[in-house]
Amino acid sequence: MADRDFYLRIEAMEDYSPVEPDPFAIPPIQYKRDGMHYMGHPMGVIPDAERDARALRAVVFRQYQDADYLIPYTSKLIHADINEPVWNRRAPGCVLYAYVGDNVRIHVHNADNRPHSLHIHGVEYGIDSDGAWPMGTQAADGSRSDEICPGKSWTYIYQVRESMIGAWPFHDHSSHASHGSSRLGLFGGIIIRKRPFRWPIPLPLPERFPDMVYKGLKLPLCAPAKKQAKPARGRDPRTPLRARLTRRQELLLQHQYEDLREWLMRDLRIRFWPRPDWNTLHVPFFLHQMVSDQAKPAFDSGDMEENGAGTFDHTFDDAGSYEYFCSFHPGMTGTVNVVSGGPAVATVNILDVPAMGFYPDSIDIAPGGTVTWNNLSMQHHTVTSRDGAALVTHCINGRGFVGNTPTIIVRAGQKIRWYVFNLDFGHEWHNFHPHNIRWELAGENHDVRSIGPAESFTLDTVAPPALILPEEIEAIQDADDRPPDAEKVRLMGDFLVHCHVHHHMLNGMIAVVRSYQDVWLTESMKETLLAEGRIQLFDDSNPIPMAEMGYCDKLSPGTWEELEVDPEVTFMHACLLPDTNKVLYWGYTRDDQSRLYDPPGPTVAEPSPQPAALPGMDSDLSDLWSAAHAFIPDGRVLGHGGFAGPGSDWVNAFVFDPATEQWSQTGSTAEPRFYATTLTLADGRIATIYGSASKSLEIWDSASGTWSAPVDFPAAMDHHQYYPWTYLLPDGRLFIAGPHDPTHRFTIEPIGGLETYATIAGNRSTGGEKGTSVLLPLRPPDYAPRVVVIGGNTAPARKTAELIDLSEAMPAWQSLPDLNLERAEQVNSVLLPDGHVLVVGGANAVAGGGAVELLDADNVASGFRLGPVMTHHRGYHSAAILLADGSVLVGGDPNSGVFERYLPGYFERPRPTIASAPASAAHGATITVDSPEAADIVTVHLLAPGAVTHGFNMSQRIVECAFTFDGAALQVELPPNGNIAPPGAYLLFIIDDQRVPSEGQWITIN
């Protein structure tokens, strides 16, 4: 028999995380990814907190080339695994290869701080090499074969015969941790074949690396491992040089290992480049769990069976808040609050809908009370205390989740020899299922095979094709039949390999076979296949799928319809009238300037009298062209200023009453207000700022119908003039978001406390009517104000957007993803009841009206999603306004003779309904909202009616309301004060778990 020596050193790896084994990896290796986008992994990224919760002090068998354990064996476990970390950040540490007829000697040195052993399956040995406590042998000095003490060594001897061909696991079987240490990574495998079988391609070290190690450490020996004296059988009396290094020498050695690691990375020796001359690909494939052995959660249910079979009780003795989570689905979290006066018992159900989670996710319990969890889900879960816990990871080759686990690159049709090991010694088995791959076993074809603890098997399969070639493509693969414009295109297909136990897969036990295929295609064939979604081009950057999550559950981007009605006047100014679905709108100079429209009807109505018909008025004196407007708390509309003709000083003001559908005159402003901004304050008064040449503030009081004396703004704010995008903030201050730069936050009574915030794009308008801005929904409990600015006609603004979060300690404008279209003309932004922002119009560089865009206020980082294309272009002097049913009416120049109506995607879904709700209530009140769908409601919104012109809606705002479901109806808490929700009329919307809103119901907040 030939001698074959292996040198294994038991070593620890500190801070090893199965989702980021090497924090310093360089591309194409990337970690902290989840290509399956499982719960808690937004955008396919595993959060740092979860990375840390999965971390542990790993322990591995690491292979060396020499008896002194100085020269590491750096070859990969799977040569074609593009995600595999370098040798010193890998678990398991090694896979050994031997031939039939070998006399195998495995020399094990224990460098860990706990005793271990090595127990191997499948080969023949004496009791001195069994390694299983307490059946081993003991030397005269007390050393044992079944428990190698820290700093000691043992040599295990095996004979390899033909009956032992296969793949066999080995693992620690010592007294303290025969199974627990496997969860730290202390295992491996030995593969036995007949000669002249060709082993996997090794990764050579730099030629002079061994000499560099010995010389750098000033060690006496500098010879290849094969020329060194070999340890004796059994107890090894010779202490290897590695164990005799001084602390300084060990640090120097670690520096040399880091240099070696950098060399391997720099030369891309660990990177796989497909080579057509390769034949069989060898794939050792370990299924196992990893978790810190230091974790001791305060309470833990363990695995809870599905469909009501799993329950868990825990008694909480001490007051405090106790956070917990599901270790299988870490995104599921809950809290138990132990408080005096709480109930003695409480129940939490684990449900799959409306979203998989704990219901309720926060409960109160009295000290000494008991909480019961019932798993009513169709999946397995745990209830695990956050305190003291660590996350288990179901691993393949020491790593969890697609993108971190093996991504094995193979050529279509290439032979793959799988060596599959189950090193999970828990009570659950695993199975092995590669997609689109089959094998024959016992005369039958299979694509799934179960595997129990410590079991292993070998399978030969063939890599699947990336594409089944259609006949017309198959016909041009031969050079004689190939069109002259055909080119070779490399395709790829990612095929999953995983354990089919559901929660094992969800917790990371899933990898990828990336099969590549070279196909000759004409450009038209390639474009057709791409358009049909039938192919994926090969990408050597090591991508993970970035498919849109929940695509089928998401609403469509909506549709447009053209309304068969003549608007008669330009839709320049528009106000949605409270307690109706009617829109009051007006345009340019004329006696009959305003109209009323009740969409989607075929006619419009003319208010009577019009402002021009009031005593002392005419079309010049009453012209509300480019005026300002706001809602009075009783539901009336105040309109004032504008571009008046000869004899007018642009100060006249008028009130429209929805109840009588008539205009009346009220007190005039002191200063002219052309292009002013007007808004309702927390106490119901109405403020107007800027416009014309004015740099002042005036406040209108509805009781007296008069305006206060003008108060000047500081000179530092003089750059604001036309339609400044101004918002009342929850703390009572005002914020001007543009369109001119810089932006300001300030108090108004008195004007002061000026804070300045420079934008990124600078001015967004050369006048005062380009670009748009919107206040994103205010959400309890803190009602953090976030403001977005979008588009504009200056070069940096046309396709950009910015956001500022004014709740931050040091607010600053931040860039959002760019728009899809340049919006340099007058663009409108409309808050939809589901929390999206509709961006419409202003796209003068495209034919027709261009596509609308949608921004999700709850996920602004995802950017602007393209929606349907408008038929008619809308620019300067156009408007867009939300209607009570949740649709959007759009009209105005340059196509004043036609209205279009946008129907968001929720019009295609069944919508929840409000059966009853009060018509009015006070700030801070709790109201009852009845709905047949109450149990499905997840959000309640109050939406102020719009008053829009020149791309800016002076009134629109969404305020979310906290609510509870009492089993029959919603108990909705209204906003606490007028700074958050200025007094007046609002549309109440309830939104279900599919993000579908009801139609709005009017309610007045007193």
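The model is predicted.

The sheet is open and has 3 strands. Their order is E59-E65-E64, and the pairing is antiparallel. Strand E59 covers residues 926-929, and strand E64 covers residues 963-965. Both stand at the edges of the sheet. Each has a single partner strand, so one side of each is left without a neighbour in the sheet. From one strand to the next, the twist averages 20°. Strand E65 spans residues 970-973 and is joined to E64 by 3 bridges. These two strands run antiparallel. Within this pairing, Thr-964 stands opposite Gln-971 in E65.

Salt bridges were examined next. Side chains of opposite charge can pair when their charged atoms come close. Across the whole structure, the search finds 46 salt bridges. One of them links Arg-685 with Asp-683, with an N to O distance of 2.6 Å. Another joins Glu-532 to Arg-534, where the closest N and O atoms are 4.0 Å apart. Arg-534 has a relative accessibility of 41%, so this residue counts as partly exposed.

A further salt bridge connects Asp-858 and Arg-779, at 3.2 Å from N to O. Asp-858 lies in the loop between strand E53 (850-856) and strand E54 (864-870). Arg-779 lies in the loop between strand E47 (772-775) and strand E48 (786-790). The pair therefore ties together parts that are 79 residues apart in sequence. Arg-779 has a relative accessible area of 19%. Buried means under 20%, so Arg-779 is buried. The pair also belongs to a network of salt bridges. This network links Arg-779, Asp-856, Asp-858, Glu-960 and Arg-995.

Rolling a probe the size of a water molecule over the atoms shows where empty space is left. In the whole structure, the search finds 5 cavities of 30 Å³ or more. The largest cavity has a volume of about 250 Å³. Its lining is made up of 20 residues. Thr-680, Ala-944, Met-954, Ser-955 and Pro-982 are the closest of these to the centre of the largest cavity. Strand E38 (677-680), strand E43 (726-728) and strand E66 (984-992) each give two or more residues to the lining. By class, the lining has 13 nonpolar residues, 6 polar residues and 1 charged residue.

Note on methods
Residues are numbered from 1 along each chain as its sequence is written. This is a predicted model: local features need pLDDT of at least 70, side-chain atom pairs count only at pLDDT 80 or more; totals for chains, interfaces and linings use all residues. Side-chain values use heavy atoms; hydrogens and water are left out. Two strands pair if DSSP finds at least two bridges between them. Helices (H or I, at least four residues) and strands (E, at least two) are DSSP runs, numbered from the N terminus. Axes are lines fitted to C-alpha atoms, for helices over the stretch in contact, and angles run from 0 to 180 degrees between N-to-C directions. A salt bridge is a side-chain nitrogen of Lys or Arg within 4 Å of a carboxyl oxygen of Asp or Glu. Buried means under 20% relative accessible area, exposed over 50%, partly exposed in between (1.4 Å probe, protein chains only). On a 1 Å grid over the protein atoms alone, a cavity is a set of points where a 1.4 Å probe fits but cannot get out, and a pocket is an open set with protein on both sides within 12 Å along at least five of seven lines; lining residues have an atom within 4 Å of a point. Grid points are joined across faces, edges and corners, and a volume is the space filled by probe spheres set on the points. Ala, Val, Leu, Ile, Met, Phe, Trp, Tyr, Cys and Pro count as nonpolar, Asp, Glu, Lys and Arg as charged, and the others, Gly among them, as polar.
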